[in-house]
Amino acid sequence: MSETPAIELRKINKSFGPVHANKDIDLVVKKGSIHGIIGENGAGKSTLMSILYGFYQADKGDIFVDGQKVTIPDSKAAIAMGIGMVHQHFMLVDNFSVLENVVLGAEDSQLLAGGLTRARSELKRLEDEYELRVDPDALIEDLPVGLQQRVEILKALYRSAEILILDEPTGVLTPAEADHLFKILEVLKNEGKTVLLITHKLREIMAITDTVSVMRRGEMVATVETEHTSMEQLAELMVGRSVLLRVDKKPAEPQAPVMEVSNLTVTDSRGVQVVKDVSFEVRAGEIVGIAGVSGNGQSELLETLAGIRSATTGVLKINGETIDLGTSTLDAADMRDKSMGHVPEDRHRMGLINSFTEYENSILGYHRDPAYSKGLLMDLSVIKKNAVDEIEKYDIRPPNPMLKTANFSGGNQQKIVLAREIERDPEVLLVGQPTRGVDIGAIEFIHRRLVEMRDAGKGILLVSVELDEIRALSDRVLVMFDGRIVGERGANAEEGDLGLLMAGVDTNSKSLEGGVQ
Amino acid sequence: MTAGQLPRWVDLGLIPFLNLAAAFLVSGLVVILIGENPLEAVQILVWGSLGYGEGIGFTLFYATNFIFTGLAVAVAFHAGLFNIGGEGQAYIGGLGVAMACLALDGIVPWYLTLPFAIVGSAAMGAAWAFIPAWLQATRGSHVVITTIMFNFIASSLMVYLLNGLLKEEGSMQPETRTFEDGGRLPFLNDLFPSFGFGYAPVNLSLFVALAACLLVWLLIWRTKLGYEIRSFGANATAAVYAGISPVRTIVITMLISGGLAGMMAINEIMGSQHRLLIDFVTGYGFVGIAVALMGRAHPVGIILAAILFGMLYQGGAELSFEMPNITRDMIIVIQGLVILFAGALEYMFRPAIIRLFTPALKAKEA
């Protein structure tokens, strides 16, 4: 125990204006360990790591690296101290090769050639030592995300990082890729590196970390040995109360189809087919989940059905009406008129206008409803009353319809969108990533509302990259890979089975694909 | 009270005041550099613009122009469009006013001509904005580029028309004949002699401008169309998600914007010059951008900013008359500084003021 810790933080404080993002944070990270930091969105994890990596300066408090008291004015200083960071969104130049990306910013000389040769041999050494195999001459844009992440890790190691910070590293990975990442982290640990893993996924914490620290509302509420804790205990620490990780629901009682999609093909602006000949149906009273790693056509599928994106070919039957999507010019407003609600995948980009007040956002897309107008002008009293009702029903906090939606937390923003779409009582609801970036308390609530809607006899199409969510909510699961639906499973699908399908491995020919797991 | 929020009076009162103060402080330094007394200069400027009836009249006359062009820019702002073409749209708007006045001035009194002049100017201004709008909406040609190019086309077109078709027969001047009484708006000095506006050309268009402010406010914050315009401007992706057509929104917004710019011609042509002439817009369209920026694209802010710029115009003219060292260009420098501090550097003092107010806010919460 006398060994000096890799990192020690003492009484770190950081405020942004009146928001106290980090309050008296103490943290000790043992050398050669995998240390998880878990917490809800807005708990202050990212702020803390940004202080460690030199993006922000702490207002108060001391940082010790290897027992030395240090100040970290910028990320350059952090790198010099052996701290490397793998960002959630990769910092790679897409049309550069792996080698060029690794060298970028550490060229060592004015002429590139010498540095590149040196880098090539160093990269080879790192690959052998840590089993991080990537073709150094491949272009980043040709690599799957799992490999891109590997390049990020190589970048950090190339800069002789001893301490590696990974920010939500598995968000974009398939289960198989995530498992591979964990193996890499194990190797790094065995080689004596220290890994700091930031995540809000309890499963990962349990699977990989040695020690876990839990943050809540800017405070460090606990640090425990992973083997002496449980998911339930961690969840309780994160939220401050016990939560239900499973969704309580009765078996579905599906009736007639409310939405039928046949032979849908969508081509994106680059001319690439992103949805390929997809057909399926959603019946009243069931939740159909679409599982898949992000970027396999689910987003485009959802947007096309919602009337935002145009299809190349395909027919949509909704509530008995047949629409040829290849030729129709229906927009999102027309689809809403056909009783289709849409909770978009990205609430910041699409679902909300963050500079608008809550009550203005509560009618986005439904603002043409005559109920909200009095003559030429909008009837603000009716709109506000409606907003107040939704706030009450969905426990949106703070309960202030005059507040801009930018000032609500992620979970409450999502509730605003859900309230808006669900309360119009559509026959079909398209839902994309309903709980992305949402804290556990709100997840529970959102899941319950969706199941209630299903039980009321509505059809729900759910797209999510969270396999746990798909499995918890769906009555049927369709798996999308490379624009196609590659398989359908029932409500009790095995996680491993789905994972393989998501990775594009047909379970029937599993034996031929030795490479995956 | 949430993150970074300040009391309203600070946000809407103190910060603009500090910005203005900074602008005048720097202007004062410039005045010192050219060897004049800045306090005296301020005195002349304020006296010249607000000190006596006629000065106030001129200030309000200029302000009327700025309200129209400021509103034009502001409406486009709300849709995320930058309409730089107010200059050309106002110029072409003059055609609409002139056509109404030339046709009706000998037949009916001014109050029957006025509605036609309003419709005519708005229609011509809107028409001039239509092509850039259409190109932006359907082809993605940037409206900043196209509207500014349309200013040049407008200028050439008007010179052509005023040298030919519209020129009074036998006249050497590139302008139309002077309107009869039926094409002249009453001067405020004639309506309210007690104010003593004297020879200042401030006229009934001021009330048209104020009515336009009210209508723009209603449009932007109280109608479905305004909601769609603001949605599109704040987040175009979300607007499409909400079923708002980008093409329709861009075109309609630009038509309204161009129409408002065109209405500026009522003040100049029907209110003051009583004939259509070359280059009557002289920069009011461009200053409208500064007015809209400073007025935060809100009609009330635009009225205040328009009066400020009216003061700078009128007081500046007096100043260059009283202090020959301070030329017309110096006045433009001061205007530039106001735009710089109030528009571009709007948030310069904000972080410091938030720091200043944070302990006080916390104390209040506790």
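Biologist: How many residues of domain 1 of chain B are in contact with domain 2 of chain B?
Modeller: This is a predicted model, and the domain assignment of chain B places 1-36 + 327-366 in domain 1 and 53-324 in domain 2. A contact requires C-beta atoms within 7 Å. On the side of domain 2 of chain B, eight residues take part, and on the side of domain 1 of chain B the number is nine.

Biologist: Which classes make up the side of domain 1 of chain B that touches domain 2 of chain B?
Modeller: The residues in question belong to the contact between the two domains of chain B, with nine from domain 1 and eight from domain 2. Sorted by class, the domain 1 side has two charged, three polar and four nonpolar residues.

Biologist: What distance separates the centres of the two domains of chain B?
Modeller: The centres of domain 1 and domain 2 of chain B are taken over C-alpha atoms. Their separation is 29 Å.

Biologist: Which elements of chain B give two or more residues to the side that touches chain A?
Modeller: Between the chains, 22 residues of chain B are in contact with 26 residues of chain A. By class, the chain B side has three charged, nine polar and 10 nonpolar residues. The elements that give two or more residues to this side are α8 (205-222), α9 (224-234), α10 (236-241) and α15 (350-365) of chain B.

Biologist: Why is chain A described as being as compact as a globular protein of its length?
Modeller: Chain A has 17 helices and 22 strands. For 517 residues the globule rule gives 24 Å, and the radius of gyration of chain A is close to that value, so the chain is as compact as a globular protein of that length. The radius of gyration of chain A is 25 Å.

Biologist: What share of the residues of chain A count as buried?
Modeller: The C-alpha trace of chain A spans about 70 × 55 × 45 Å along its principal axes. Among its contacts between residues at least 6 apart in sequence, 68% join residues at least 24 apart. Of the 517 residues of chain A, the buried share is 44%.

Biologist: Where in chain A is the pLDDT below 50?
Modeller: The mean pLDDT is 91 for chain B and 87 for chain A. In chain A, 94% of the residues score at least 70. The stretch with pLDDT below 50 has eight contacts in the model beyond near neighbours in sequence, and it covers residues 509-517 of chain A.

Terms used: Residues numbered from 1 in each chain as written. Chains lettered and ligands numbered in written order. Predicted model: local features only at pLDDT ≥ 70, side-chain atom pairs only at ≥ 80, totals over all residues. Domains from an automatic or database assignment. Nonpolar A, V, L, I, M, F, W, Y, C, P; charged D, E, K, R; others polar. Helix = DSSP H or I, 4+ residues; strand = E, 2+ residues; numbered from the N terminus. Rg over C-alpha atoms; globule rule 2.2 N^0.38 Å. Buried ≥ 20, exposed ≤ 12 C-beta atoms within 10 Å, placed from the backbone. pLDDT = per-residue confidence, 0-100.
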